Amino acid sequence: MGLLDSVLGQVLGGAGQQQQPQGGGIGGLGDLGGLAGALGGLLANNGGQGGLGGLVSKFEQAGMGDVIGSWIGKGDNQPVSGDQLQNALGSDTIASIASKLGINAQTLLPMLATMLPALIDQLTPHGKVPDQGLGNHDDLLGSLSGLLQGKQS
């Protein structure tokens, strides 16, 4: 999964530089690893959201199909707010991810609003959801683990 490693390296590397903790919250690579795991859980075929296709459906049900469509398609990505993400993903999903990371939802939502569009955009370079999805959670986490270990060396 070289492409996934490369994409996550770009997205996580940029987020690690942009997201500076303010009074706690996301800090070192261990925390980024947790965030990567959470994103993998959102995008994995066997994740709680039903993979990228399931995520698209949730956005469509929330009236935001055009937003996630812009991330998948070619061209500029439409921005998304934390409130829109919470509406599309649901409070329980956001609370679960935040709890796993040891942060509150108000800290998590702006991070997701920055990272999720960029990640989905780069994982769909042909402008469509791959027929087989993006892989299972273990596959994505295995890629992420190797990537993060390489950054720590």
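Modeller: Helix α4 (residues 65–72) packs against helix α7 (residues 105–123) with their axes 7 Å apart and at an angle of about 50°. Keep in mind that this is a predicted model. On the α4 side, the residues involved are Ile68, Trp71 and Ile72, and they meet Leu116, Pro117, Ile120 and Asp121 in α7. Sort the residues of this contact by type and you get 6 nonpolar, no polar and 1 charged.

Now for the individual residues, starting with threonine 93. You'll find threonine 93 in helix α6, which covers residues 91–101. Its relative accessibility is 18%, under the 20% cut-off, so threonine 93 counts as buried. A polar atom of the threonine 93 side chain lies 3.2 Å from the backbone oxygen of leucine 89. If you skip neighbours within four places in sequence, threonine 93 is in contact with Leu42 and Gln49.

Then there's leucine 43, which belongs to helix α2 (residues 29–43). Leucine 43 counts as buried because its relative accessibility is 3%. Glycine 54 is 11 residues away from leucine 43 along the chain, and 8.5 Å separates the C-alpha atoms of the two.

Terms used:
Residues numbered from 1 in each chain as written. Predicted model: local features only at pLDDT ≥ 70, side-chain atom pairs only at ≥ 80, totals over all residues. Heavy atoms only, no water. Helix = DSSP H or I, 4+ residues; strand = E, 2+ residues; numbered from the N terminus. Buried < 20%, exposed > 50% of the residue type's maximum accessible area, 1.4 Å probe, protein only. Polar contact = N/O pair within 3.5 Å; in protein donor to acceptor, adjacent residues only side chain to side chain. Contact = heavy atoms within 4.5 Å. Axes fitted to C-alpha atoms, helices over the stretch in contact; angles between N-to-C directions. Nonpolar A, V, L, I, M, F, W, Y, C, P; charged D, E, K, R; others polar.
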